[in-house]
Amino acid sequence: MKWDTLDEEPCSLSRTVAVVGDRWTLLILRECFLRVRRFEAFQSSLQITRHLLSERLKKLVRFGILRRVPYSEAPKRYEYILTQKGLDLYPVIMAMVHWGDTHMGDERGRPLLHEHKSCGKLFDPVMVCSECGDVLHAKQVHVHAGPGRKEAVG
């Protein structure tokens with residue numbers, strides 16, 4: 001596989017990594033979910049160069065994950081808003097946050113706590129089966145080749 005053609009691979013993970021698989025893009029998405037919208041705010045929070053931030057934001061807009069919305073005419077400035085496609089990355093980001101909380105934490109504890117607005121409780125994200133609602137664990141899932149893949153899956 002070549003990095004430049006990952007988005008053409010017959011693999012959903014490869015195609016996803018082609019769009020969001022570098023550290024800066026993931027951190028930009030984190031900021032988006034924390035309601036950061038403006039270029040200067042991204043730059044200040046992440047301490048990323050203007051050039052790199054501009055490239056990553058353009059890529060996220062090109063792939064339909066963010067949309068640019070003008071908020072100032074003079075000078076022309078934009079906010080970056082998550083699209084539905086971008087919002088659909090929330091479970092991915094939360095799974096990574098949970099993994100980090102579980103495996104990369106220290107004695108200070110979690111840097112952020114997440115509260116479910118509906119019930120008011122702090123929660124840990126869990127993945128459940130869309131059919132029966134049971135919690136999913138890797139050893140309880142069998143993978144089958146889908147219509148987009150020709151060869152069999154292990």
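I started with Arg108 and looked up its accessibility: at 71% relative accessibility, Arg108 counts as exposed. My cut-offs were under 20% relative accessible area for buried, over 50% for exposed and partly exposed in between, with a 1.4 Å probe and protein chains only.

This is a predicted model, so I took local features at pLDDT of at least 70 and side-chain atom pairs only at pLDDT 80 or more, while totals for chains, interfaces and linings use all residues. Residues are numbered from 1 along each chain as its sequence is written, and side-chain values use heavy atoms, with hydrogens and water left out.

**Salt bridges**

I then looked for the partner of Arg108. Its side chain meets that of Asp106 in a salt bridge, 2.6 Å from N to O. The rule I used is a side-chain nitrogen of Lys or Arg within 4 Å of a carboxyl oxygen of Asp or Glu. Asp106 is partly exposed, at 34% relative accessible area.

Next I checked Asp124. It forms a salt bridge with Arg110, and the closest N and O atoms are 2.5 Å apart. Both residues lie in the segment after α6 (90-103), so the pair ties together parts that are 14 residues apart in sequence. For helices I took DSSP runs of H or I with at least four residues, and for strands runs of E with at least two, numbered from the N terminus. Asp124 is partly exposed at 38%, and Arg110 is partly exposed at 36%.

I also noted Lys76 with Glu73, a salt bridge of 3.3 Å from N to O. Lys76 is partly exposed at 44%, whereas Glu73 is exposed at 57%.

Asp22, Glu55 and Arg56 turned up as a network of salt bridges. The count by this rule comes to 9 salt bridges.

**Helices α3 and α4**

How do α3 and α4 cross? The axes of α3 (residues 39-46) and α4 (residues 50-62) come within 10 Å and cross at roughly 120°. Axes are lines fitted to C-alpha atoms, for helices over the stretch in contact, with angles from 0 to 180 degrees between N-to-C directions. The two helices are therefore oblique to each other. Under 35 degrees would be roughly parallel, over 145 roughly antiparallel and 65 to 115 roughly perpendicular; the rest is oblique.

I listed the contact residues, with contact meaning heavy atoms within 4.5 Å. From α3 come Phe39, Phe42 and Gln43, and from α4 come Arg50, Leu53, Ser54 and Leu57. They divide into 4 nonpolar, 2 polar and 1 charged. I counted Ala, Val, Leu, Ile, Met, Phe, Trp, Tyr, Cys and Pro as nonpolar, Asp, Glu, Lys and Arg as charged, and the others, Gly among them, as polar.
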